[in-house]
Amino acid sequence: DLTGWTVKMDIRAAADVSSALVKALVTGAGITLGSPTPTDGTVELFIDSLETKAAPFTTYKGKRVHYDLFLIPPSPQDNIRIIYGEILVVGAVTDV
């Protein structure tokens, strides 16, 4: 049950870089908690085409960028990192 929780996710060139390639995704802006309700305990992530076009990914083509996603509890507790990893940036394969 994620009632009252929030979520935050960043995609950065490296873990120690302060600016995000994709602006911080938060609950209600790219991230949905619980579908259809927060009691379902799910997290949905959606990065729309405007976000990805605005990100300077061409600079990182062929390189890996880093992400992590935190659950932030409603009461003062430690935030919980539930997923992290790397994304390999590639160019389009299909000419459309």
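Ile 82 is partly exposed at a relative accessible area of 42%, where buried means under 20%, exposed over 50% and partly exposed in between (1.4 Å probe, protein chains only). The residue lies in strand β6 of a predicted model, in which local features need pLDDT of at least 70 and side-chain atom pairs count only at pLDDT 80 or more, while totals for chains, interfaces and linings use all residues. Residues are numbered from 1 along each chain as its sequence is written, and side-chain values use heavy atoms, with hydrogens and water left out.

**Overall architecture**

- The protein chain holds one helix and six strands, these being DSSP runs numbered from the N terminus (helices H or I, at least four residues; strands E, at least two).
- Read from the N terminus, the elements follow the order β-β-β-β-α-β-β, and the C-alpha atoms fill a box of roughly 45 × 30 × 20 Å along the principal axes.
- Of the 96 residues in the protein chain, 25% are buried, and the chain exposes about 6,500 Å², of which carbon and sulfur atoms supply 55%; the areas come from the Shrake-Rupley method with a 1.4 Å probe, and for residues only the protein chains shown count as cover.
- Among contacts (heavy atoms within 4.5 Å) between residues at least 6 apart in sequence, 53% join residues at least 24 apart.

**The nonpolar patch around Ile 82**

- Val 43, Ile 80, Ile 82 and Ile 83 together make up a nonpolar surface patch with about 290 Å² of accessible area.
- Patches are built from residues with over 30% relative accessible area and no salt bridge, like charges being joined within 9 Å and nonpolar side chains (Val, Leu, Ile, Met, Phe, Trp, Tyr) within 5 Å.
- Strand β6, which spans residues 80–88, contributes the most to this nonpolar patch, with three residues.

**Strand pairing**

- Strands β2 (residues 20–27) and β3 (residues 30–33) run parallel and are joined by two bridges, two strands being taken as paired if DSSP finds at least two bridges between them.
- On the antiparallel side, β3 pairs with strand β4 (residues 43–45) over three bridges, and Thr 32 is found opposite Glu 44 in β4.

**Asp 10 and its surroundings**

- Asp 10 lies in strand β1 (residues 6–12) and counts as buried because its relative accessible area is 10%.
- Setting aside residues up to four places away in sequence, Asp 10 touches Ala 20, Ala 24, His 66, Tyr 67 and Asp 68.
- A polar contact of 2.6 Å joins the side chains of Asp 10 and Arg 12; such a contact is a pair of N or O atoms within 3.5 Å, and within protein one must be able to donate a hydrogen and the other to accept it, with residues adjacent in sequence counting only if both atoms are side-chain atoms.
- Ala 24, in strand β2, is partly exposed at 30% relative accessibility and, beyond its neighbours within four places in sequence, is in contact with Lys 8, Met 9 and Asp 10.
- Ala 24 and Leu 69 are 45 residues apart in sequence, yet their C-alpha atoms are 9.9 Å apart in space.

**Salt bridges**

- Side chains of opposite charge can pair when their charged atoms come close.
- The count comes to three salt bridges, each defined as a side-chain nitrogen of Lys or Arg within 4 Å of a carboxyl oxygen of Asp or Glu.
- Asp 10 and Arg 12 meet through their side chains in a salt bridge at 2.6 Å, N to O, and both residues are buried.
- Arg 64 and Glu 86 form another salt bridge, at 3.8 Å from N to O, and this pair links distant parts of the chain, with Arg 64 in strand β5 (residues 64–72) and Glu 86 in strand β6, 22 residues apart.
- Arg 64 is partly exposed at 48% relative accessibility, and Glu 86 is likewise partly exposed, with a relative accessible area of 45%.
- Arg 81 forms a salt bridge with Asp 68, the closest N and O atoms being 3.7 Å apart; this pair also links distant parts of the chain, Arg 81 in strand β6 and Asp 68 in strand β5, 13 residues apart.
- Arg 81 counts as partly exposed because its relative accessibility is 45%.

**The helix**

- Glu 51 lies in helix α1 (residues 49–54) and is buried, with a relative accessible area of 18%.
- Leaving out residues up to four places away in sequence, Glu 51 touches Val 22 and Lys 23.
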